[in-house]
Amino acid sequence: MVVKYKRNRRVFINIFGVLVLLFCGFTLFTSFKNGDYVTSFISMFLQVVLWFGMYYYQAIRYDEKKIMAQFGWPRIPYDEVISIDEKWGDLIIKSKKHKIGINKDVIDEKSFENFIAHLKLKTQKNPFLNVNISSSK
């Protein structure tokens, strides 16, 4: 499940993806013409990874076992969450080793509400958890 970005940000990511594909095509064309294959393929690979990370992970991705930040790292299992706080408009989820921040200004409200309900359900069994969140943005 995903906490999605707002519609405008998703449109930007899709436009960025089209531009990445166009640039990759141009890079392939020029690399075959000039013979500089290594740097061209490294450049294309990094661009595709950047677009895929923005598109696939969106603001945050979660499942039944863990929460994943953008690009899949850090990952925090629900049983390792020690605090959930709101600070300056961001939601901060902390474990002993890692923390994940979610900017609430750029995320879709419906998917965020679903995430909060899921987070409360998964972390309610932890008696040492410090929770300081409100239900609205």
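## A tour from hairpin to helices

Select Ile84: Ile93 of strand 6 stands opposite. Keep in mind that this is a predicted model.

**Stop 1: the hairpin.** Now show residues 83-87 and 90-94. These are strand 5 and strand 6, and they pair in the antiparallel sense over five bridges. How many residues lie between the strands of this hairpin? There are two. Click on Trp88 in the hairpin: this residue takes a positive phi, near 55°.

**Stop 2: helix 1.** Select residues 7-34. This is helix 1, with 28 residues.

Step one residue past the helix. Gly35 follows helix 1, and its phi is positive, near 85°.

**Stop 3: the buried side.** Which residues of helix 1 are buried? Select Ile13, Gly17, Val20, Cys24, Thr27 and Ser31. Look at the spacing of their numbers. An α-helix has 3.6 residues a turn, so residues three or four places apart point the same way.

**Stop 4: the nonpolar patch.** Color Phe32, Tyr37, Val38, Phe41, Ile42, Phe45, Leu46 and Val49, which make a nonpolar surface patch of about 820 Å². Helix 2, residues 37-57, gives the most to this patch, with seven residues.

End on Leu46, in helix 2. Is Leu46 buried or exposed? Leu46 has a relative accessible area of 53%, which is over the 50% cut-off, so this residue counts as exposed.

How values were computed:
Residues numbered from 1 in each chain as written. Predicted model: local features only at pLDDT ≥ 70, side-chain atom pairs only at ≥ 80, totals over all residues. Heavy atoms only, no water. Patch = residues over 30% accessible without salt bridge, like charges linked within 9 Å, V, L, I, M, F, W, Y side chains within 5 Å. Areas by Shrake-Rupley, 256 points an atom, 1.4 Å probe, with all protein chains shown as cover. Salt bridge = Lys/Arg side-chain N within 4 Å of Asp/Glu carboxyl O. Helix = DSSP H or I, 4+ residues; strand = E, 2+ residues; numbered from the N terminus. Buried < 20%, exposed > 50% of the residue type's maximum accessible area, 1.4 Å probe, protein only. Expected span 1.5 Å × (residues − 1). Pairing = 2+ DSSP bridges.
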